[in-house]
Amino acid sequence: MSELLQFLFSGLTVGAVYALVALGFTIIYNASDVVNFAQGEFVMLGGMLTVFAYAAGLPLILAAIVAIIVTAAVGVALNKLAIEPARGAPVVSLIIITIGASIFLRGVAQVLFGKQIHRFPSFSGDTPFRIGGATILPQSLWVIAGGLAVFYALYLFFTKTLTGKAVLATSNNRLAAQLVGINTNWVMTLSFALSAGIGALAGVLVTPITNTSYDVGIALALKGFAAAMLGGMGNPKGALVGGILLGIIEAMTAGYLSSQYKDAAAFVVILLVLFIMPQGLFGAKQTERV
Amino acid sequence: MLEISELRSRYGRIEVLHGIDLNVQQGEIVTVVGANGAGKTTLLRCISGTQPVSGGEIKFRNDAITTVPAFKRIGRGITQSPEGRQIFTNLTVEENLRLGAFLFKDDRVDKDMQDAFEMFPILREKRNLTAGGLSGGQQQMLAIARALMGRPNCLLLDEPSMGLAPILVQQIFDVVQNLKSLDVTVLLVEQNAFGALKIADRGYVMETGRITMDGPAADLIADPRIREAYLGI
């Protein structure tokens, strides 16, 4: 029993990170139908920039804020320099551009930060809490809280604010969005900034547990993508549930089967979702009359 | 209020508007009729800013707006109900209307929405449903209502009768005619020339990117050439 609980805790922690990555996907997808495969690099940058800002002498919290802001700026630059000039290209081309951007960012990170593994200390120490025979790190609670907070903020943003609706309107019908007075370029800029910022936050929260290096982004992007597919692309609720489910599936696979199959879990999930329910758990039902 | 001179526009290397001159005065309903492919929709897109202009000028209330981006033109009082409706299919009817007033955050938004529901009661009934599930006629009403939420001085209507049952066509034309009492100037593009000319003050006939005739709508309706070519009489 305590074993199951232990797997559950570690699943929740990883799952919250996947959920954050998936939420990042959600925003850009909602604004443009593009799946941004550089999302994992935003997570890497968040952790990495915090490491170096902290090493340079900034207090941890300030280092984290700087990292999130700089990463958001990188997201904006990605949109302005790579996505916006290709406006009008098919979505698939834009997705390939994001894959290129992710390789580029990874390369730059390797040159700037080196190939070593980096870390910075946990926010509230490393003494684990004991619950029902299992343990959970205080940092895990930070990760889970971060995932929930971002989800709730995004949920409010998309359902309650006019700006959030403008983002949805832009993805639904760009022409009509312009006709009602929405500056669709600005919406794209905003989406990339938000998405990159959320990715960076994930990196900041999880680095004390998992450490970071220049190449952590690939795996995170793929798993966040699996989580978003599982939950239903474009739906914040789907991203949260999909992320946490995937984390738990992975932890259970590692615990009860073999940790060697851990990474396979995500890909089995992608395949199953695509075969059985391509809309995902909370995906929008496509009903449209013409 | 709207003055267009020598307007040219192209898709790639193919020019589709070969120098259009057209004007709309405050309070008028002006219609542009013509066959499919004459360039009517392109003309409206140039005015709303969603199609680039390659020559000529568009003036709105004496300001040249030829190069103003589309999303800024609505703030100057030009809104468009586009061809094919182009509603936000994934959002609800109410969200569509709210976004129509995207630029505004005051109390008048609610009042305008109530007015829209008065004008089209079926939209009130379906306000919380996804707009993609509405019938063609309801989507058309939503497109017009959304354009009205933007507080237009000049409303551009592109083929509002397209694909609708005859009874709905009449209903839509009645609504357009009533806009006059709301002090909204209308530029109406239609293939249904007869219906459009009946409610318009003036009309332009467009053929392959040129204006071939213009004048008071009543004269155009009576003109034998128009009757033969467009009215099927």
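1. Contacts of Val184(B). Leaving aside residues up to four places away in sequence, Val184(B) touches Pro152(B), Leu155(B) and Leu179(B). The structure is a predicted model, and the remarks below should be read accordingly. Val184(B) belongs to the loop between helix H7 (166–178) and strand S8 (185–190) of chain B. The C-alpha atoms of Val184(B) and Gln26(B) are separated by 8.1 Å, although the two residues are 158 apart along the chain.

2. Overall form of chain B. The secondary structure of chain B comprises 10 helices and 10 strands. Its radius of gyration is 17 Å, close to the 17 Å that the globule rule gives for 233 residues, so chain B is as compact as a globular protein of that length. The C-alpha trace of chain B spans about 45 × 40 × 35 Å along its principal axes. Of the 233 residues in chain B, 48% are buried. Considering contacts in chain B between residues at least 6 apart in sequence, 65% join residues at least 24 apart.

3. Strand S9 of chain B and its partners. Strand S9 (residues 202–207) of chain B has five of its six residues buried, and is therefore largely enclosed by the rest of the structure. Strand S3 (residues 29–34) of chain B runs parallel to S9(B) and is joined to it by five bridges. Within this pairing, Val30(B) has Arg202(B) of S9(B) as its bridge partner. With strand S10 (residues 210–216) of chain B, S9(B) pairs in the antiparallel sense over six bridges. Gly203(B) stands opposite Gly215(B) in S10(B). The hairpin of S9(B) and S10(B) has two residues between the strands, and Thr208(B) in this hairpin takes a positive phi near 35 degrees.

4. Positive phi at two asparagines. Most residues other than glycine have a negative phi. Asn62(B) has a positive phi, near 70 degrees, and lies in the loop between strand S4 (55–60) and strand S5 (63–64) of chain B. Asn62(B) counts as exposed, with 7 C-beta neighbours inside 10 Å. Phi is likewise positive at Asn211(A), at about 65 degrees. Asn211(A) is located in the loop between H8 and helix H9 (217–231) of chain A. What is the exposure of Asn211(A)? Asn211(A) is partly exposed, with 15 other C-beta atoms within 10 Å.

5. Helix H2 of chain A. The 17 residues of helix H2 (residues 39–55) of chain A should span 24 Å at 1.5 Å a residue, and the end C-alpha atoms are 25 Å apart, which agrees. Because 15 of the 17 residues of H2(A) are buried, this helix is largely enclosed by the rest of the structure. Just after H2(A), Gly57(A) takes a positive phi of about 110 degrees.

6. Helix H5 of chain A. The buried residues of H5(A) include Trp142(A), Val143(A), Ile144(A), Gly147(A), Phe151(A) and Leu154(A). Among the elements that cover the buried residues of H5(A) are helix H1 (2–32), strand S2 (134–136), helix H8 (184–210) and helix H10 (236–257) of chain A.

7. Nonpolar core. The largest nonpolar core has 162 residues, and those with the most contacts inside it are Ala19(A), Leu20(A), Val21(A) and Ala145(B). H1(A) provides the largest share of this core, 16 residues. Apart from residues up to four places away in sequence, Ala19(A) touches Gly147(A), Phe151(A), Ala227(A), Ala239(A), Leu240(A), Gly243(A) and Ile244(A).

8. Contact between the chains. How many residues does each chain bring to the contact? Chain A contributes 19 residues and chain B contributes 28 residues. Helix H6 (162–172) and helix H7 (174–179) of chain A each supply at least two residues of the side of chain A that touches chain B. The largest share of that side, six residues, comes from H6(A). By class, the side of chain A that touches chain B has 10 nonpolar, six polar and three charged residues.

Technical notes. Residues are numbered from 1 along each chain as its sequence is written. Chains are lettered from A and ligands numbered from 1 in the order in which they are written. This is a predicted model: local features need pLDDT of at least 70, side-chain atom pairs count only at pLDDT 80 or more; totals for chains, interfaces and linings use all residues. Helices (H or I, at least four residues) and strands (E, at least two) are DSSP runs, numbered from the N terminus. The radius of gyration is taken over C-alpha atoms; the globule rule is 2.2 Å times the number of residues to the power 0.38. A residue is buried if 20 or more other C-beta atoms lie within 10 Å of its own, exposed if 12 or fewer, and partly exposed in between; C-beta atoms are placed from the backbone. Two residues are in contact if their C-beta atoms, placed from the backbone, lie within 7 Å. A nonpolar core is a set of buried Ala, Val, Leu, Ile, Met, Phe, Trp, Tyr and Cys residues joined through C-beta atoms within 7 Å. Ala, Val, Leu, Ile, Met, Phe, Trp, Tyr, Cys and Pro count as nonpolar, Asp, Glu, Lys and Arg as charged, and the others, Gly among them, as polar. The expected span of a helix is 1.5 Å times one less than its number of residues. Two strands pair if DSSP finds at least two bridges between them.
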